[in-house]
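Please describe this structure for someone who has not seen it before.

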Amino acid sequence: MKHLKKIILFSFLIINFSSNVYGTEKIFAIDMDLLLEKSLAGKSITNQLQSIQKKNREYFTKEEKILKNKEKEIIDQKNILSKEELNKKISALKKEVNEMNKERNKRRSLFNNTKNKLIQSFLKQVNPIITDYAKNNNISMIIDQKNLIISKNEINITNKILKQLDEKIKKIKI
């Protein structure tokens, strides 16, 4: 909540300061989340991430099924096996479960790193497009839409940037 108040205050001060002192300065807003969601490059990122998640989900579903079968097998042999053998099999199963959990955490971390790298790459490629647009249109400041509370719709240039972005960047690869 404190962070939101600071953003609101900061945005308010910037807008008031720039409109009072620099009345001729142009300030616009852009919705970066919408760019990531709607652009061809953003959609390619989403598709790649969904593909990774699907592969991980399939892998772990298969592994969980194998482990459940092993557990069922141990339960079925509970009365047949000696206590030592039963404890060995239970211990081995627990070890496999721990290994699978480690693998799950490893893949989750790798997924998050990949996601962050793709988003950073997206932002690096979008930044020059936004900068060129600002230069060509004598824009002094472009603010992310999520940092604004109230603004006129006319200051939102997201769709204009989206068109240029789709023309220049079709896909971002892992």
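The report below goes from the whole chain to single residues.

## Basis of the model

This is a predicted model, in which local features need pLDDT of at least 70 and side-chain atom pairs count only at pLDDT 80 or more, while totals for chains, interfaces and linings use all residues. Residues are numbered from 1 along each chain as its sequence is written, and side-chain values use heavy atoms, with hydrogens and water left out.

## Overall fold

The chain contains five helices and two strands. Their order along the sequence is α-β-α-α-α-β-α. Helices (H or I, at least four residues) and strands (E, at least two) are DSSP runs, numbered from the N terminus.

A contact means heavy atoms within 4.5 Å. Among contacts with a separation of 6 or more, 84% join residues 24 or more positions apart.

## Surface and interior

The chain has 174 residues, and 25% of them count as buried. Buried means under 20% relative accessible area, exposed over 50%, and partly exposed in between (1.4 Å probe, protein chains only).

## Nonpolar cores

In soluble globular proteins, nonpolar side chains tend to be buried together. A nonpolar core is a set of buried Ala, Val, Leu, Ile, Met, Phe, Trp, Tyr and Cys residues joined through side-chain atoms within 4.5 Å. The largest one here has 21 residues, and those with the most contacts inside it include I30, F122 and I161. At least two residues of this core come from each of α2 (32–38), α3 (40–76), α4 (83–136) and α5 (158–168). The most come from α4, which gives eight.

Leaving aside residues up to four places away in sequence, I30 touches L35, I130, I142 and I161, among others. A second, separate core has seven residues, including F60, L67, L86 and L93.

## Aromatic rings

The whole structure has one aromatic pair. Rings of Phe, Tyr and Trp (its six-membered ring) pair if their centres lie within 6.5 Å; planes under 30 degrees apart count as stacked, over 60 as edge-to-face and the rest as tilted. Y59 and F60 pair edge-to-face, 5.0 Å centre to centre and with 80° between the planes. Y59 is partly exposed at 30% relative accessibility, whereas F60 is buried at 7%.

Each ring also has an arginine over it: R104 over F60, 4.7 Å from the ring centre, and R107 over Y59, 3.9 Å from its centre. A charge sits over a ring if NZ of Lys or CZ of Arg is within 6 Å of the ring centre and within 35 degrees of the ring normal.
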